[in-house]
Amino acid sequence: MDRNRAIIDSLLLLLTGAAMAVNLWLIFYFAPLERTMGLIQKIFYFHVPSAWVAFLAFFITFLMSIGYLASRRDWFDRAASSSASIGTVFCTIVLVTGPIWARPVWGIWWTWDARLTSTLVLWFIYVAYLLIRSYLPASGTKRGTLSAVVGIIGFLNVPLVYMSIRWWRTQHPQPVIAGGEGSGLEPRMKLAFFFSLAVFTLLYAVILRYRMRQSFIDGRVEKLLEERRRS
Amino acid sequence: MIASVVGRSAPWFLVAALILVVIMPMECAFGADGASSVRPGGGPAGNTGYVFAAFLFVWGALWLYLVAIHRGQRRMEERLSRLEKSRGGDPS
């Protein structure tokens, strides 16, 4: 069992590494330079997929939190917290790469427009989620219940972040994908972008697998310590 | 056997990918002969610095996160193994 898991882990890691290398080749050699922004636009191929993974991770947290409240099974709680921590990492990447892209293009690092502010609020919500989990004791159902509630309510901000550039006038550009008439990407850019999206999704799945395993071991340790305390 | 071979080569594969992250923006900006190949959008040198910063942050953050997970997992596995041994159970 352990041997099979090790083989699968190694193969997944290799596959992700290879896909990332191809992704970089597509980004820097295959996709053409954008006419007005030049090289700096290459950040787009990491910035947007990171945002997609963050949204996906928070959606999984939302679903798993509902599952936990409905069934009280630890597995849902573990999946929710694992996904939330990955989502927070990718949300951090979005919040850092965005200003790095903005500085040479907009001339400013940050502005309090609807997209940027709602993304920052989203990040704070999930940092709070992780803090709640780290401060509350693992035994009992209090930690799972409270974090599930935050996981569900926190997700309500995700559609707001997504729609913010459609609902309000923002410094952040209008959507390039599914943005209606006049939007869209050059075909080679589109291929590089969707490949990047797929690779980041694969990366999320691989990291989630690792985090779930870690969380499972944490749970077993907690259980044994609890047994020891009682005996 | 396969797992150990693949497992041993995986970190090197990731190191190679990291090197690509550094080389590719440089070649994309300046070309193989060092001449600027960047068209509009500001000076290539200035923008290259921003691209480097962004890509290194992405890879650095992901790498550190994976290392943190790996170390945490190993620590917990060792702790679990000790607990199960002291309990007299089978660690497997």
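Residues are numbered from 1 along each chain as its sequence is written, while chains are lettered from A and ligands numbered from 1 in the order in which they are written. In this predicted model, local features need pLDDT of at least 70, side-chain atom pairs count only at pLDDT 80 or more, and totals for chains, interfaces and linings use all residues.

**View 1. Helix α1 (residues 2-30) of chain A and its buried residues.** Here α1(A), a DSSP run (H or I, at least four residues), has 29 residues.

**View 2. Helix α3 (residues 74-106) of chain A packs with helix α5 (residues 142-155) of chain A.** Their axes, lines fitted to C-alpha atoms over the stretch in contact, lie 11 Å apart at an angle of about 50°. That makes α3(A) oblique to α5(A). D77(A), A80(A), S81(A) and A84(A) of α3(A) meet G144(A), S147(A), A148(A) and G151(A) of α5(A) (C-beta atoms, placed from the backbone, within 7 Å).

**View 3. R72(A) in the loop between α2 (44-71) and α3 of chain A.** Look at the backbone here: R72(A) has a positive phi of about 60°, although it is not a glycine. Most residues other than glycine have a negative phi.

Conventions: Axes are lines fitted to C-alpha atoms, for helices over the stretch in contact, and angles run from 0 to 180 degrees between N-to-C directions. Helices (H or I, at least four residues) and strands (E, at least two) are DSSP runs, numbered from the N terminus. Angles under 35 degrees count as roughly parallel, over 145 as roughly antiparallel, 65 to 115 as roughly perpendicular and the rest as oblique. Two residues are in contact if their C-beta atoms, placed from the backbone, lie within 7 Å. The expected span of a helix is 1.5 Å times one less than its number of residues. A residue is buried if 20 or more other C-beta atoms lie within 10 Å of its own, exposed if 12 or fewer, and partly exposed in between; C-beta atoms are placed from the backbone.
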